Amino acid sequence: MLLSKLLGERFKEKPAEAFMASHIFMLRGGYVRQVSNGIFSLLPPAVKVSQKIEKIIREEMDAIDGQEVLFPVVLPAELWQESGRFDSVGSELVRFKDRNGRDMVLGMTHEEAAVHLARGEAHSYSRYPFVIYQIQTKFRDEPRARGGLIRVREFTMKDAYSFHTSQEDLEEYYQRAMEAYYRIFERAGLSKVISIQSDSGMMGGRIAHEFMYLSDGGEDTIVYCQGCDYKSNMEVAVSNIRKEEAQEEEIREVHTPGVMDIEALAEFLNREKSRTLKAAAFFRRDNEKPVLVFLRGDLQVNETKLRKILGTEAFPLTEHDGVDLCFGYIGPYNLNAENIEIIYDRSLEGESNLACGANKTDYHLTGLNVSRDMKIDRFVDVAKVNEGDACVHCGSPLKVSRGIEIGNIFQLGTYYSGSMGMQYLDEKGKLQTPTMGCYGIGVGRLLACIIEDNHDEYGPIWPKAVAPWLIHICVLNQSQPEVWGLASELYETLKKDWEVLLDDRGESAGVQFADADLLGAPVRIILSKRNVSGGQVEIVTRDKKIKKLVPIDEIRQAVEELLSQVK
RNA sequence: CGGGGUGUGGCGCAGUUUGGUAGCGCACCUGGUUUGGGACCAGGGGGUCGCAGGUUCGAAUCCUGUCGCCCCGACCA
């Protein structure tokens, strides 16, 4: 490729809207252009990287018996009605009518399409197990796109669906898929990827893992143990919380004017937040009834856990009208709990000498002893794990960090196959419902994470497995016939074996180097009057760790050597 | 959907307070000089200032409405 013909302006200033390294470099380097919120066009360099990522994914999916298929982007609503998701999924599912008034949707994931295809083709147990996958565009009308390609509305995804005749077989395949995922990320040059237990969310099913690229810019919070293998999404993370002994006191009412939250209460009473009791109010989506969650003051409600306990979605109660609660001073003692659902977190079990709201404006209670003063049938776990809590498996302190989800795998069970009437005949001629797994990887997100993981202050440092070009030739004195002659000759020769980008623009050295940094080819060859006249060229790696002068007739060998040395 | 910010050429911005008919740097085009980390000289092209109304002799600037984009939150296979 001649750089003078490459479509895509590169610029040196950081676009105002970009904050993450991947986003900044993809804009500055001419990789992507935003078309609308969360919707991007890809330019040639990004397409080339994507294609290489996809190639790796295809190879690894084929290696675990995947068969590539292609589902449509537009699907009839009936399929989604069969599974029940037409109604259960929110407005991130784009719905529209075709010219005949038929309800249609844009595929945001393809379980329905997969079952639709598979149920017509796999009537006999002898077909099983089988796995189908596709690499295709998804559209999700996300409430909020952000971070360049990290969170978008339209994106390319590899999604796979496996079908099994037993849970054991599914589990065995699930394990193979997990291993394949690790190989994919490693081959794509991404370190720092871990798999963690996750919530299965709207997918249904039980066991699920997410593959997280650890990054401070990530949107997910990950809890992991330093002492054992425990790793989990905060949404489903569990821990043994710290308990402290507190001496018993009598309940007393304290005048606390203007003290409306735990922060203020702890300060006002000069005590640790863990010696207070917090009330969090929510409303149920299904019947709008208020829900009160009581938990120790140093903890926070985990809304995913709450949703599971309630069996429905719950939203923080921000509109206080018509709710008979004394906001800012809500406490469990002497609470008029008519028409209110109350949930006690297990952090309260056995606690004593807590400070809590008195259900009376400007008053709190101190000395609350949970077992003495209250009658509680059931304690549940609805709190977020705090860093430093003890691991439930080994007791070591837990750590909390941020991550970007680049892939996930689910054991779906028969959620879709059952609701959509997929059946096969087993060995005995009996009808059975297959059990399923599904497996996703976001290609664009993976691309962004590769940059996050491999860049310096000047641009991406592409791992050779996904680099848009492997060799970038800079020509510093193009006007010199000797230099340009060698450059063209080298370009013609090298491009027979590698993808080569030749800077034929005659720009000054600084411009050429800056652009080469943004395009990130692993190996750079620099030709100039100075070195060519001495019968040599300079050859450097993008990460700038290796830099050497080599005789012209040894270039090929030197390129091979350098390529073998870089990641 | 709530809160905040912002919209002026491809990119980054000034001008808006106090209305007078649009400017700077980068990028782009032409010619020349240059060439080892974003060169220099000269000339040039490109913006109805997000959009729609209104006020005014006159609006990028004031008023009303509306839309886009960004950030935080809610949400998220």
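At what angle do the axes of helix α1 (residues 21-28) and helix α11 (residues 443-453) cross? The model examined here is predicted, with local features needing pLDDT of at least 70 and side-chain atom pairs counted only at pLDDT 80 or more, while totals for chains, interfaces and linings use all residues. Residues are numbered from 1 along each chain as its sequence is written, and chains are lettered from A and ligands numbered from 1 in the order in which they are written.

The two axes come within 8 Å and cross at roughly 100°, where axes are lines fitted to C-alpha atoms, for helices over the stretch in contact, and angles run from 0 to 180 degrees between N-to-C directions. Helix α1 is therefore roughly perpendicular to α11, a label given to angles of 65 to 115 degrees. Ala21, Ser22 and Phe25 of α1 meet Ala448, Ile451 and Glu452 of α11, contact being counted when C-beta atoms, placed from the backbone, lie within 7 Å.

Turning to the strands, an open antiparallel sheet is formed by three of them in the order β4-β6-β5. Strands β4 (74-76) and β5 (95-97) are at the edges, each with a single partner strand, so one side of each lacks a neighbour in the sheet. Three bridges link β4 to β6 (residues 103-106), at least two being required for strands to pair in DSSP. Leu75 has Val105 in β6 as its bridge partner.

In helix α8 (residues 303-310), Lys305, Leu306 and Arg307 are buried, that is, 20 or more other C-beta atoms lie within 10 Å of their own. These buried residues pack against β14 (277-284), β15 (290-296) and β16 (314-316). Just after α8, Gly311 adopts a positive phi of about 75°.

Terms used
Helix = DSSP H or I, 4+ residues; strand = E, 2+ residues; numbered from the N terminus. Parallel < 35°, antiparallel > 145°, perpendicular 65-115°, else oblique. Contact = placed C-beta atoms within 7 Å. Buried ≥ 20, exposed ≤ 12 C-beta atoms within 10 Å, placed from the backbone.
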